[in-house]
Amino acid sequence: LQYLKIGHYILSDLTAEHIAAGLVHNHSLKELDISWNNITSVGATSIFRALVSNTTLESLDMSNNDLQSTPNSPSLPTSSSNTSSLSPPSQLLAQPTPALSTTHCQPLSPSPTPHDGGVDAAMADMLSHNSTLTGLNVSYCNLTPQS
């Protein structure tokens, strides 16, 4: 299996956690579309953590899910960012993924709302360790622009 498109299926965080468990051991999936579901930051965090060690997934579409940024979280680093201004935990995540070529993020609201948190750090960790992901779509999730 190289392509899995399961958007618009009302998938939950529990399903996302099962998908994440599969991604840790999967060595063939190249494209995963889980857009337009009921996945929150909890499920997304599980998937991002699984992708730290996944070496085959090239494209992930998580658009139109209920992901929300952690308030006051550091911005995701870019290759031109100055890591000396980041807090010590963030410095560990400050090595960008050279293979990532497209990232889409369009927040639903201009200001952050209270939420469970952790998705920003998980995404940053995944991006700093995963070298095969070339496309990531998290548009129309409730992430802040700095994420």
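1. Salt bridge. Glutamate 31 pairs with lysine 5 in a salt bridge, with the closest N and O atoms 3.3 Å apart. The two ends sit in distant parts of the chain, 26 residues apart: glutamate 31 in strand S2, lysine 5 in strand S1 (residues 3-5). The rule asks for a side-chain nitrogen of Lys or Arg within 4 Å of a carboxyl oxygen of Asp or Glu. By that rule the count is one salt bridge. Glutamate 31 is partly exposed, at 24% relative accessibility. Lysine 5 is exposed, at 55%. The cut-offs are under 20% relative accessible area for buried, over 50% for exposed, and partly exposed in between (1.4 Å probe, protein chains only).

2. Basis of the model. This is a predicted model, in which local features need pLDDT of at least 70, side-chain atom pairs count only at pLDDT 80 or more, and totals for chains, interfaces and linings use all residues. Residues are numbered from 1 along each chain as its sequence is written, and side-chain values use heavy atoms, with hydrogens and water left out.

3. Confidence. pLDDT is the predictor's confidence in each residue, from 0 to 100. The protein has a mean pLDDT of 74, and 65% of its residues reach 70 or more. Strand S2 (residues 31-33) has the highest confidence, at 97. Helix H3 (residues 88-92) has the lowest, at a mean of 31. Over residues 74-117, pLDDT stays under 50. For that stretch the model has 75 contacts beyond four places in sequence. Contact means heavy atoms within 4.5 Å.

4. Overall layout. The protein has four helices and five strands. Along the sequence the pattern reads β-α-β-α-β-α-β-α-β. Helices (H or I, at least four residues) and strands (E, at least two) are DSSP runs, numbered from the N terminus. Of the 147 residues, 42% count as buried. Among contacts between residues at least 6 apart in sequence, 88% join residues at least 24 apart.

5. Tyrosine 3 lies in strand S1. Its relative accessible area is 49%, so tyrosine 3 is partly exposed. Tyrosine 3 touches Leu29 and Glu31, leaving aside residues up to four places away in sequence. From tyrosine 3 to leucine 32 the C-alpha to C-alpha distance is 6.1 Å, although they are 29 residues apart in sequence.

6. H1 against H2. How are H1 and H2 packed? Their axes are 8 Å apart, at an angle of about 0 degrees. That makes H1 roughly parallel to H2. Axes are lines fitted to C-alpha atoms, for helices over the stretch in contact, and angles run from 0 to 180 degrees between N-to-C directions. Angles under 35 degrees count as roughly parallel, over 145 as roughly antiparallel, 65 to 115 as roughly perpendicular and the rest as oblique. From H1, Asp13, Ala16, Glu17, Ile19, Ala20, Leu23 and Val24 take part. They meet Val42, Gly43, Ser46, Ile47 and Ala50 in H2.

7. H2 against H4. Helix H2 (residues 41-50) and helix H4 (residues 119-129) also have axes 8 Å apart, at about 20 degrees. H2 and H4 are therefore roughly parallel. The crossing of H2 past H4 is left-handed, that is, the near helix is turned anticlockwise from the far one by less than a right angle. On the H2 side, Ser41, Ala44, Thr45, Phe48 and Arg49 make the contacts. Their partners in H4 are Val119, Ala122, Met123 and Met126.

8. Burial of H2 and H4. H2 is mostly covered, with seven of its ten residues buried. They are Ser41, Gly43, Ala44, Thr45, Ile47, Phe48 and Ala50. The cover over them includes H1, S3, H4 and strand S5 (135-137). H4 is mostly covered too, with eight of its eleven residues buried. Among them are Val119, Ala122, Met123 and Leu127. Asp120 and Ser128 are also on the buried list of H4. H2 and S5 are included in what covers the buried residues of H4.

9. Backbone points to check. Which phi does isoleucine 10 have? The value is positive, about 55 degrees, although isoleucine 10 is not a glycine. Isoleucine 10 lies in the loop between S1 and helix H1 (13-25). At 64% relative accessibility, isoleucine 10 is exposed. Asparagine 64, not a glycine either, has a positive phi of about 60 degrees. Asparagine 64 is placed in the loop between strand S3 (59-61) and H3.
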